Structure formats: C-alpha cells, structure tokens
Amino acid sequence: MRNADVAAMLNRVADLLEIKGENFFKIRAYREAVRQLDNLTTEVEELIKEGRLKEIPGIGEAMEKKIVEFVTSGQLEFLTRLESEVPPALLELTRVPGLGPRTAKDIYDALGILSLDALEEAAQTHRLLLVRGIKARTEENILKGIAMLKRTEGRRFFPEGWILADSLLTTLRSMPGVLRAEIAGSVRRARETISDLDLLVAANDPDAICREFALLPQVDEVVAQGGTKTSVRVRSGMEVDLRAVKPESFGAAWQYFTGSQAHNVQLRGRSERMGKLKINEYGVFREDGTKIAGETEEEVYAAVGCAWIAPELREGRGEIELAAQGPLPPLVQQEDLRGDLHTHSNWSDGRNEIAVMARAARERGYSYLVMTDHTQSLLIAQGLTPQRFLERAAEIASVNTAHGMARVLNGAEVDILPDGSLDLPDESLAGLEVVVASVHTALDQQRDLITQRVLTALRSPHVDVLAHPTSRRLDRRGETNLDIDAVIAEAVKTGTALEINSSPWRLDLNDSWARKARDAGAILAIDTDAHYPAEFDSVRYGCAIGRRAGLTPDRVLNTGDADAVLAHCRAKAARAVANFR
Ligand code: DGT
Ligand code: CA
Ligand code: CA
Ligand code: ZN
C-alpha cells in the first residue's frame with residue numbers, strides 16, 4: 001500500500017469529522033498526519049515493520065494504531081463507522097471552493113442533495129434559496145465554484161506554476177516601486193504538485209503593490225484583498241497569493257512563505273531552544289525585541305546557527321540538523337550539465353534536422369548531445385532500421401565537422417519489448433555510442449512481468465540509460481506497475497543510469513523515487529527528451545527534481561563531458577559481459 005493511500009484515508013476521516021462538526025483539534029491531528037505522510041520518503045509499510053511509525057512527528061499512539069490497522073487489513077473500522085453516520089457523498093459537495101462542510105450538511109438536510117450535478121441543478125433553478133442561510137449571492141458563488149472545480153480538478157504539477165511565475169514575475173519586476181519579486185511556497189520548493197502559486201515582493205509601499213497587482217490584465221478574479229496580501233485567480237484557474245513586504249524583512253518573509261510548514265515549525269522550535277529567539281515573517285528577534293536578522297535568507301538561517309538551506313530540501317526531513325553542522329553539499333544545478341543524453345531529430349519523430357538540434361544545444365551551453373532517435377518497432381514508418389541508422393551516422397559525422405554545434409553522439413532510444421529484449425539487433429546496438437532504453441508498449445503488464453522485462457534490459461551490455469522509468473504521461477496515463485525498488489537495485493548493480501525525464505508531460509522519475517535511487521547509490525541522468533529546440537529548456541524541471549532528491553553533481557551522468565559519458569558506457573558494457581560469463 002502506498003503512502004498516498006494512507007494519506008487519502010486520513011484525509012477522508014478528517015473531512016467526515018468536519019462534517020460531523022467534531023472537535024477542531026481532533027481534526028487537525030489528522031491533517032497534520034497527512035502532511036507528514038506527504039513528505040515521507042520511506043514507505044509506511046516499511047516503518048511499521050521496523051516499529052518506527054511513531055518516530056514521525058505528529059503521529060501519536062492513537063494515530064499509529066489506526067494506520068497499522070488500515071495498512072494491514074486494508075480498512076479502518078473507525079472510518080466505516082463514520083461513513084455510516086455521515087453520507088460520504090457529502091464530501092463531494094465540500095470540494096466546491098467556498099462551500100464548507102456545515103453548509104453542505106444544511107443543503108443535504110433540506111434538499112437531500114448529494115451530488116455535484118444535483119447541486120448545480122438546484123442552484124440553477126434557485127431551489128437552493130430554500131435552504132436556511134443561503135441567499136442569491138451564495139447560490140451564485142456555488143455555481144461559480146462548481147464551474148471552477150470542473151476546470152481545476154485537484155492539484156497541478158509544479159511546471160505549470162513555474163511557467164505562470166515566469167510571466168507574473170516579469171510583470172511585477174517592471175512595476176514602479178517593486179524592488180524585488182520572487183517565487184515562494186511549494187512552487188519554489190518544486191514540490192511535485194502544487195495547490196497555488198505564492199509570490200513575494202519587496203517594496204517600500206507594499207499595500208500599493210498589492211492593489212496594483214489585483215488590476216493586472218492577467219487577473220481573472222480577485223479572491224481576497226487586504227493590506228499586504230492579495231489572492232487572485234488567473235484564467236487557467238490557478239490561484240496566486242501575492243505578499244508584499246518592506247525590503248528589510250524580505251529575507252524573513254521569503255523564508256517564511258517558502259515553507260514548508262513542517263520546516264518552519266522545526267526552525268521555530270530550534271530558534272526557541274537557542275536562547276529564546278523569535279522567528280517570523282518579519283525577522284529574527286531577541287526576547288527584548290531587538291531584531292537580529294531579516295533582510296536576507298542567509299542572515300535568517302545564520303541567526304539560528306544554520307547554513308542556508310536550498311528550498312528544494314525544506315521539507316522538515318532532517319535538513320535543519322544537517323545545516324546546523326555546516327554548509328550542505330551543493331546540489332546539482334542546470335549549469336553543471338554539460339550535455340543532454342536523450343534527444344530526437346527528424347530521423348524519427350523529432351521536428352528538426354540533427355544540425356538544428358546540435359546548434360540549439362550549443363547555444364544553451366552544452367558541449368554535446370546524444371541523438372537518440374527511436375528504433376523501428378515504435379515508429380514503423382519513421383523509425384530507424386539498421387540500414388537507416390547507417391545513413392543517419394553519416395549525417396552525424398558531417399554535423400560533427402561543422403562549427404557552432406554541440407558534439408553529436410550517435411545514439412538511439414530502443415524499445416524494451418514485452419519479453420525484455422531490445423528491438424534492434426546486437427550488431428546495430430554495438431555500433432552506437434550511447435543507448436537509452438524505454439518501455440513504450442504493453443504498459444499494462446502485471447507487476448512481475450514488467451519488472452522482469454525492465455531488469456532484463458538493464459542487464460544488456462548495450463543499455464546505458466533507462467529512460468522515463470515509469471512510462472507515465474501526466475496528461476493521459478499513470479505509472480506502469482513496475483517494482484521501482486527492484487529496478488533501482490539492478491541499476492546500481494549493472495551501472496545503468498536512471499533517467500529523470502525533464503519533460504513537463506513526464507517528470508519521471510519523480511523526486512521521491514529519485515531520492516531512493518540516490519540513497520541506493522544509483523547514477524542518474526537529467527535529460528529533456530527534446531523533440532525540438534525549445535524543449536531543451538525543460539531541463540530546469542529535471543534539475544529541480546534532482547535537487548529535491550538531494551543529488552550532488554557527481555551523481556548525475558551528464559555533468560561529465562562527452563568522454564566521461566563514453567567511458568561510463570564502456571565500463572558498464574564490460575561489467576555486463578563479465579557478469580554474463
Ligand atoms: P501548497 O500551496 O499546498 O502547494 O503548499 P505551500 O507550502 O505553498 O502552502 P501555502 O501556499 O498554504 O503556504 C505557503 C507557505 O507559507 C507554507 O509553505 C508555509 C508558510 N506558512 C506560514 N504559516 C502558515 C500557516 O499558518 N498556514 C499555512 N498553510 N502556511 C503557512
Ligand atoms: Ca502554495
Ligand atoms: Ca498560498
Ligand atoms: Zn525519447
């Protein structure tokens with residue numbers, strides 16, 4: 001059972017308790033446990049086996065018992081009882097933004113409404129006005145909320161927040177009076193999914209900036225406005241929280257509103273233990289009120305005896321204790337990457353000629369790229385047969401004599417067939433400099449089948465990188481049923497790199513798996529899978545995932561130059577051949 005399942009169960013309990021009108025503290029305990037689970041990199045099942053569940057802050061004896069019951073039996077008696085007391089379908093209604101559990105219950109009691117469709121119908125025909133306390137305005141808001149919900153189901157993936165931030169920050173930075181504008185919240189931490197975009201501005205007149213922000217053309221609707229905070233909704237449905245502060249508090253506010261909440265709680269605890277310092281969004285203060293830090297984040301962390309902590313690590317998983325011992329090891333950055341190991345040209349399904357990709361890579365500061373056009377099984381029409389591979393090799397050789405281009409390594413993206421074999425003959429594979437392998441077909445294979453399939457491919461001397469390991473496409477399909485732990489172990493054993501695919505449609509491996517891979521000693525590759533030049537720029541997402549995984553540059557294959565990559569591939573092949581004998 002995955003942690004997300006346990007978290008969903010606890011959330012459901014909290015929601016039902018809320019509808020019942022239960023004690024606030026009781027509800028909050030469940031929400032807090034959910035937050036902790038969200039940030040966990042270990043499987044709950046493992047923690048239970050080792051009897052370490054209670055070591056998680058916020059999980060006490062009672063909560064532990066419930067989690068163990070749920071994980072071992074697949075259900076929770078307490079939840080079953082709650083569901084018999086409160087119609088769980090009511091939860092459906094509370095998903096409407098602005099419709100709280102009490103009102104949902106009132107609507108149900110008066111009209112027996114349990115579904116979104118029925119709610120919408122009742123609002124359109126003004127039957128909701130029959131419910132105590134509901135006025136025309138409330139009805140209108142509920143209709144708007146339903147429309148909203150339809151457009152913005154759940155959380156979004158973090159690249160959407162980054163793209164929106166690009167545009168809003170440019171606008172903010174051009175506004176008179178704005179001294180500085182930055183991203184905060186989960187978007188800055190590059191958490192896999194985000195609920196909203198938090199932005200922070202430094203200005204001498206913060207209120208004025210907030211008022212102007214609400215008037216921007218990008219703003220679809222002002223959700224809340226007051227003093228130094230403005231919440232708006234943009235056309236895509238995403239909510240943006242803007243806070244503005246004076247420059248002398250910028251660092252403290254940036255630290256505070258970046259979170260995570262767990263990180264902040266721990267940092268506050270530490271500051272209290274350290275001579276009763278008080279830390280908030282305005283600064284760090286002594287007991288007598290003297291301010292000792294606030295302008296920069298570095299200053300804030302230094303005031304509590306810590307080195308600065310990269311935002312991607314601020315999840316309350318022990319990073320504060322580490323930073324108290326000295327500077328943290330530098331995480332991989334985009335500038336560390338020397339090349340891209342996974343790209344496509346118009347020899348397969350890419351849009352451009354090899355030369356165009358090579359020039360674009362050079363312009364982005366890369367010294368090489370691996371051209372990994374697809375092999376024939378995937379793209380019968382455009383895919384490369386051994387013969388066409390030879391023709392393409394000639395084009396690569398000619399590009400490599402031209403100026404202003406990144407060096408092109410002769411590679412391929414081979415398909416891992418359902419039985420684990422590769423769709424290109426060994427002779428052809430042996431002629432390639434770098435091979436990435438991926439699963440594109442028969443994605444619904446059972447767990448042991450698909451796992452064996454991938455393990456077999458990893459053992460091939462020709463396979464250098466396992467591309468997009470879980471095969472997920474965020475816009476259309478979930479992960480395969482792969483046993484990723486087993487894949488990570490085999491990747492370490494065989495010296496095969498695991499790819500962090502930077503494409504905003506894939507983001508695969510995600511940060512938790514990438515961290516596991518790091519902990520196990522695997523080598524990773526941060527690639528874009530670019531099919532045209534602009535896609536090279538997605539590499540920032542892959543880097544963010546790598547940073548959340550705690551990767552230092554030495555753990556990322558493409559921080560090395562082309563010769564280092566080739567040496568790595570030769571070593572892997574030699575090892576595979578030796579193991580085979
Ligand atoms: P999200 O929006 O769910 O993806 O996650 P965050 O971390 O961006 O959460 P958000 O937008 O509610 O708040 C931004 C940061 O503000 C959060 O990481 C920590 C900080 N913060 C400080 N005090 C509080 C508080 O009382 N409640 C919440 N929710 N956040 C707080
Ligand atoms: Ca947020
Ligand atoms: Ca927020
Ligand atoms: Zn590809």
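Which are the buried residues of H23?

Author: This is a predicted model, in which local features need pLDDT of at least 70 and side-chain atom pairs count only at pLDDT 80 or more, whereas totals for chains, interfaces and linings use all residues. Residues are numbered from 1 along each chain as its sequence is written, chains are lettered from A and ligands numbered from 1 in the order in which they are written, and side-chain values use heavy atoms, with hydrogens and water left out.

The buried residues of H23 are Val539, Tyr541, Gly542, Cys543, Ala544, Ile545, Gly546, Arg547 and Arg548. Buried denotes under 20% relative accessible area, exposed over 50%, and partly exposed the range in between, with a 1.4 Å probe and protein chains only. Helices (H or I, at least four residues) and strands (E, at least two) are DSSP runs numbered from the N terminus. Because nine of the 10 residues of H23 (residues 539-548) are buried, the helix is largely enclosed by the rest of the structure. Its buried residues are covered by elements that include helices H10 (158-173), H11 (185-189) and H22 (511-520), as well as strands S16 (497-501) and S17 (524-527); contact here means heavy atoms within 4.5 Å. Just after H23, Gly550 adopts a positive phi of about 80°.

S16 and S17 run parallel and are joined by four bridges; two strands pair if DSSP finds at least two bridges between them.

Seven bridges pair S13 in the parallel sense with S12 (residues 368-374), and Val370 stands opposite Leu409 in S13. S13 also pairs in the parallel sense with S14 (residues 434-438), over five bridges; there the bridge partner of Asp415 is Ser438 in S14.

A helix pair may be described next. H20 (residues 447-459) and H21 (residues 484-494) pack at an angle of about 10°, their axes 9 Å apart. Axes are lines fitted to C-alpha atoms, for helices over the stretch in contact, and angles run from 0 to 180 degrees between N-to-C directions. H20 is therefore roughly parallel to H21, a class for angles under 35 degrees; over 145 counts as roughly antiparallel, 65 to 115 as roughly perpendicular and the rest as oblique. Thr451, Val454, Leu455, Leu458 and Arg459 of H20 make the contact with Ala486, Val487, Glu490, Ala491 and Thr494 of H21.

Finally, the metal site. Donors are N, O and S atoms within 2.8 Å of the metal (3.2 Å for Na, K and Ca), and sites may look incomplete, as water is not among the atoms. The calcium ion (ligand 2) has Asp196 (OD) and Asp198 (OD) as protein donors, at 2.1 to 2.2 Å. Asp196 bridges this ion and the calcium ion (ligand 3), 3.6 Å apart. Both Asp196 and Asp198 are buried. Asp198 is among the residues touched by Arg243, which lies in strand S7 (residues 239-245) and counts as buried at 15% relative accessibility.

Methods: Lists of a residue's contacts leave out its neighbours within four places in sequence.
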